[in-house]
Structure formats: C-alpha cells, structure tokens
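Hello,

Here is the structure I promised to pass on to you. Have a look at it first, and then read on for what turned up in it.

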Amino acid sequence: MPTNDVSDLASRLDDARSVTVITGAGVSAPSGVPTFRDDHGLWKNHRPEELATPQAFASDPTMIWEWYNWRRELVAQCQPNAAHHILAKWASSARVTTIITQNVDGLHERAGTDGVIRFHGSIWELRCWKECDAGKIAWQDSAVPLHPLPPRCPYCDELARPGVVWFGEHITPDVLSASLHAARCEVFLTIGTSAIVQPAASLVHTAKQGGAFTAEINLEPTPSSTEVDIAIQGSADHILVEIERQRDN
Ligand code: NAD
C-alpha cells in the first residue's frame, strides 16, 4: 500500500469542508456480500446482468424473486464491517459528508448512517410492477424469507417487484439531482466500485469538473484509476481503518 497516498488522502479529508463518498459492492464484500463481478456473484449459473433487468422479470417473475429472496437471506446474515462504521462516523460529523451508495443491501443504514442517497434503491423495498397509484411508491418489507413468492402489490394485487433500479432503467430524478448536487464538494471519494455502471460512474467526472480533489479505493485498478488524483489499491475496510488511524494521530 503506498502509505504516502493514504496520508495525503487523510490530510485532504481533514482539511475539506465538504466530502462526498460513493460506495459500491466492494464496500460490502468484506461483510460477505458477493459483488457482481466475483465468482460468487453467480446464482444458479446466471450472471447478475441477465437477472437484474425488467425483461428478465417480465419473462419469469418467480425466478427473479427467488434470486432476490436468496440475496435478502444472505444479506440478513451479514453484518456491517469497519468501512460501513467509519463512513457512518464521518456522516455524523459536523462537516458536510454525503454518502451515495450503489449498494442495495442496507448495510450503511444498519451501521447507523442517516440520509444515505440510495442510487440503485433497496432490496428491502418493493413496489407495484404495474405502477398502480398507491403501489408506485415503494414500501418496506424486511421479511426473510419472503412468502409467498412472487409477492403481490397490497393495493391492486398485481405483481410486486423489487424496489431497485435494474440495468436499462433510469435513476429516480430526485436521487440523480441530489447526487449531482453532492458531487459539488471539496473531496470526492469512490470506494469499491467497478466504475463501469452508468450514470454512477460519471459522478466522479462531475466532481472533478467542479474542482473536487478525487480519490479511489479499490482492490484493483478500474477505468477511474487513471482519472482520479489518488488511486489506492487495497480492501475498503483496511484502507479506511488506516485513514482513521492517521487522522487520529
Ligand atoms: P461490481 O460488482 O461491479 O464491482 C465491485 C468492485 O469492488 C470491483 O471493482 C472490485 O475490484 C471491488 N472490490 C471487491 N472487493 C473489494 C474490497 N474488499 N475493497 C475494495 N474494493 C473491492 O459492483 P458495483 O461497481 O457496485 O456496481 C454494480 C451494481 O451491482 C450496482 O448497481 C449495485 O447495485 C449492484 N450490487 C450491489 C451489491 C450490494 O448491495 N452489496 C452487491 C453486488 C452488486
């Protein structure tokens, strides 16, 4: 680990009046939640990109719900890790700190972060597949396992769908505008994301254009690595612990 990069980032974070962090599946990986790109991301030999689409749901809602049910059961057994806890601490500090997450697992909230901008929704929310008036607003359902499968909309009895943003779907407009607003910050940090899923991946460009100092933490290089001011290779939990250690000294 290039220690000078970690100390540089630690002192930038100390000096900044506003910090925005965008997290991806790599932040939850040390908790045991599979990323989409690793070998454990497969379910019954299906790639996530084949399952997380409206077309897949339309053709086999029961199978797609079985996949979400499996993910909900898996996440329910996982605990937030040091990265989630450190980010929760930053978010509760006096400085403006915004956490945007592409994760749908709810682990930032379980670590105590309020006001997370959930870019891709939540696997703990459902909404009406037919978008009936009452059911187009997502509702919470933490039941594990979900029963019956597939679940139905409580308002119109049509199918319910997971309250997530699938590949090919648009980001909710107020979520997108809150994220673009948050990208106007002094330090923009991207952690544990492959930086290929749009439009999340372009937020770092928005931040850079607005004059932010930009940094990335990831196990491996990503398309963003050459564009950010500092790219640190390592596990999200270990690097954040090291940053905290340096800031405490
Ligand atoms: P991704 O699976 O495409 O990429 C994960 C990235 O994390 C990779 O670049 C990998 O190198 C990195 N990584 C893995 N372990 C790490 C660690 N310990 N520390 C630091 N980095 C690590 O995930 P993505 O970029 O977040 O985007 C894909 C989509 O996947 C998103 O839309 C998201 O909703 C969804 N997703 C969410 C979850 C979750 O909620 N936990 C899990 C899988 C996928």
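Does His 170 count as buried or exposed? His 170 counts as exposed, because its relative accessibility is 75%. Here buried means under 20% relative accessible area, exposed means over 50%, and partly exposed lies in between, with a 1.4 Å probe and protein chains only.

Before you go further, please keep in mind that this is a predicted model, in which local features need pLDDT of at least 70 and side-chain atom pairs count only at pLDDT 80 or more, while totals for chains, interfaces and linings use all residues. Residues are numbered from 1 along each chain as its sequence is written, and side-chain values use heavy atoms, with hydrogens and water left out.

Back to His 170: it sits in the loop between S6 and helix H8 (173-182). Helices (H or I, at least four residues) and strands (E, at least two) are DSSP runs, numbered from the N terminus. From His 170 to Pro 199 there are 29 residues in sequence and 9.1 Å in space, C-alpha to C-alpha.

Pro 199 brings us to some backbone details. Most residues other than glycine have a negative phi, and most peptide bonds are trans. The bond from Gln 198 to Pro 199 is cis, with omega near 0 degrees, and Pro 199 belongs to the loop between strand S7 (187-191) and helix H9 (203-209). Ala 195 is in the loop between S7 and H9 too; its phi is positive, about 60 degrees, although it is not a glycine. Ala 195 counts as buried because its relative accessibility is 13%.

The loop between strand S5 (139-140) and S6 holds Pro 150, and the peptide bond from Leu 149 to Pro 150 is cis, with omega near -10 degrees. Asp 157 is in the loop between S5 and S6 as well, and has a positive phi of about 70 degrees without being a glycine.

Now for the inside. A nonpolar core is a set of buried Ala, Val, Leu, Ile, Met, Phe, Trp, Tyr and Cys residues joined through side-chain atoms within 4.5 Å. The largest one has 26 residues, of which Ile 64, Tyr 68, Ile 123 and Trp 166 touch the most other members. Two or more residues come from each of helix H4 (54-59), helix H5 (61-76), strand S4 (121-128) and strand S6 (160-164), and H5 gives the most, with five. A second, separate core has 25 residues, including Leu 9, Ala 83, Ile 239 and Ile 243.

Ala 83 is also one of the buried residues of helix H6 (residues 82-91). At the start of H6, a side-chain oxygen of Asn 81 comes to within 2.7 Å of the backbone nitrogen of Ala 83.

Finally, what surrounds the ligand? There are 26 residues around it, the closest being Arg 37, Gln 102, Asp 105, His 120 and Asn 218; a residue is near if one of its heavy atoms lies within 4 Å. Helix H2 (residues 25-28) gives the largest share of this shell, three residues. An oxygen atom of the ligand is 2.8 Å from a polar backbone atom of Ala 25, and a ligand nitrogen atom is 2.9 Å from an N or O atom in the side chain of Ser 235. The protein covers 93% of the 840 Å² of accessible area that the ligand has on its own (Shrake-Rupley method, 1.4 Å probe; for residues, only the protein chains shown count as cover).

Enjoy exploring!

Key. Polar contact = N/O pair within 3.5 Å; in protein donor to acceptor, adjacent residues only side chain to side chain.
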